[in-house]
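Please open the structure in your viewer and keep the selection tool at hand. The tour below goes from one selection to the next and says what is found at each stop.

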Amino acid sequence: MDTLRWQNGQLVLLDQTKLPLEESYITCTKWQDVYDAISILAVRGAPAIGVAAAYGSVLAARMLADTRDYESTSEFLADFSECCRCLDEARPTAVNLHWALETMKAAAYGAEEQPVSSILQLLEDKAKSMQAEDVAINTAMSEYGAEELAAAGKPLTILTHCNAGALATAGVGTALGVIRSLHKRGLIRMVYADETRPLLQGARLTVSELMADGIPVTLITDNMAAWVMKTKGVDAVVVGADRITANGDTANKIGTYGVSILAKEHGVPFYVAAPISTFDLSLDKGEQIPIEERNHDEVRSIQGVPTALPEAAVFNPAFDVTPHENIAAIFTEKGVIRKPDTAQVHAFFNI
Ligand SMILES: CSC[C@@H](O)[C@@H](O)C(=O)COP(=O)(O)O
């Protein structure tokens with residue numbers, strides 16, 4: 001089950017809205033298909049949407065070249081940038097989307113002197129290398145995280161929120177990558193997976209991903225996390241991230257902030273696993289992160305089944321921000337940032 005694959009010049013995406021009950025795929029032949037797939041969460045998770053968008057930009061470049069006979073490469077680049085800008089609007093919080101498109105644009109502009117046909121090939125190669133790099137990044141980050149947690153010297157009970165696994169990346173995942181590495185070392189006693197309302201990424205995706213790998217996992221509803229921490233000996237919380245600001249504040253799936261408060265109350269260390277592409281050092285603090293608000297029907301219903309009056313007022317932020325004070329460490333592919341704050345993050349990035 002590949003989260004995404006580039007096949008015969010098309011992007012094939014596993015439709016995560018149908019999981020775990022149905023394995024079906026969406027074939028994207030134009031960038032607008034990728035935009036739609038990202039918007040409806042057919043492909044989701046910060047690194048996965050970055051890679052998908054990179055391929056989306058390849059489809060955009062090809063579509064432009066097919067529909068117009070460009071007299072100059074700079075005209076093509078201007079239209080290509082505009083397509084990237086539109087794709088970038090698919091979701092606002094995960095900075096990996098923006099990062100991936102900026103990387104693709106930089107690659108295209110770096111070849112400004114070359115003909116459009118060469119740029120098309122270069123963009124395809126760049127997207128493929130971005131996908132391959134994500135695999136390596138996940139593996140390195142997972143090892144750093146597992147090494148840090150293995151120091152406890154005993155099998156661990158871990159709580160996670162949302163899905164930061166293979167389905168959210170091109171590789172083994174970020175938070176679930178760390179859990180996979182710990183499992184390989186015989187160091188997972190139990191993983192508690194929050195169901196993650198409203199869209200149930202924990203129940204639908206994390207639980208099935210871990211079960212498929214034979215990793216012990218127990219599904220809980222989001223409102224059970226406090227009691228599980230109190231009664232089940234949770235050793236650590238490990239989650240992914242959608243954007244991390246220069247002081248270490250971390251945006252992740254709605255509910256993560258609450259889990260961090262519960263962890264603090266129960267003396268449970270709270271860890272974030274995220275690639276460097278998830279850091280947005282142009283922002284000083286979490287309050288500056290744009291938070292996506294999604295369709296209110298996602299809260300008025302569960303999997304399309306109404307659970308509230310259709311006219312009920314709703315607030316549906318897709319993400320929240322965990323303050324850096326609540327984070328014990330951030331695992332990246334280049335190492336661990338302990339007790340993240342502006343000084344630690346700056347030191348890590350040599351700023
Ligand atoms: C490695 S994925 C990290 C995050 O993107 C993940 O935890 C998350 O919040 C995903 O939200 P989603 O709305 O499903 O895209």
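Select helix 1 (residues 31-39), which lies across strand 2 and strand 3 and runs at about 145° to strand 3; such angles, from 0 to 180 degrees, are taken between N-to-C directions of axes fitted to C-alpha atoms, for helices over the stretch in contact. Helices (H or I, at least four residues) and strands (E, at least two) are DSSP runs, numbered from the N terminus. This is a predicted model, in which local features need pLDDT of at least 70 and side-chain atom pairs count only at pLDDT 80 or more, while totals for chains, interfaces and linings use all residues. Residues are numbered from 1 along each chain as its sequence is written.

Next, select the three strands that form an open sheet in the order 1-2-3, with antiparallel pairing; two strands pair if DSSP finds at least two bridges between them. Strand 1 (4-7) and strand 3 (25-28) stand at the edges with a single partner strand each, so one side of each is left without a neighbour in the sheet. From one strand to the next, the twist averages 25°. Strand 1 and strand 2 (residues 10-14) pair over four bridges, and Val-12 in strand 2 is the bridge partner of Arg-5.

Finally, select Asp-242, in the loop between strand 7 (236-239) and strand 8 (243-245). The unreviewed UniProt entry annotates Asp-242 as "active site", though such annotations may be inferred rather than shown by experiment. Asp-242 is buried, because 32 other C-beta atoms lie within 10 Å, and the cut-off for buried is 20 or more, with exposed meaning 12 or fewer and partly exposed in between, using C-beta atoms placed from the backbone.

Notes. Two residues are in contact if their C-beta atoms, placed from the backbone, lie within 7 Å.
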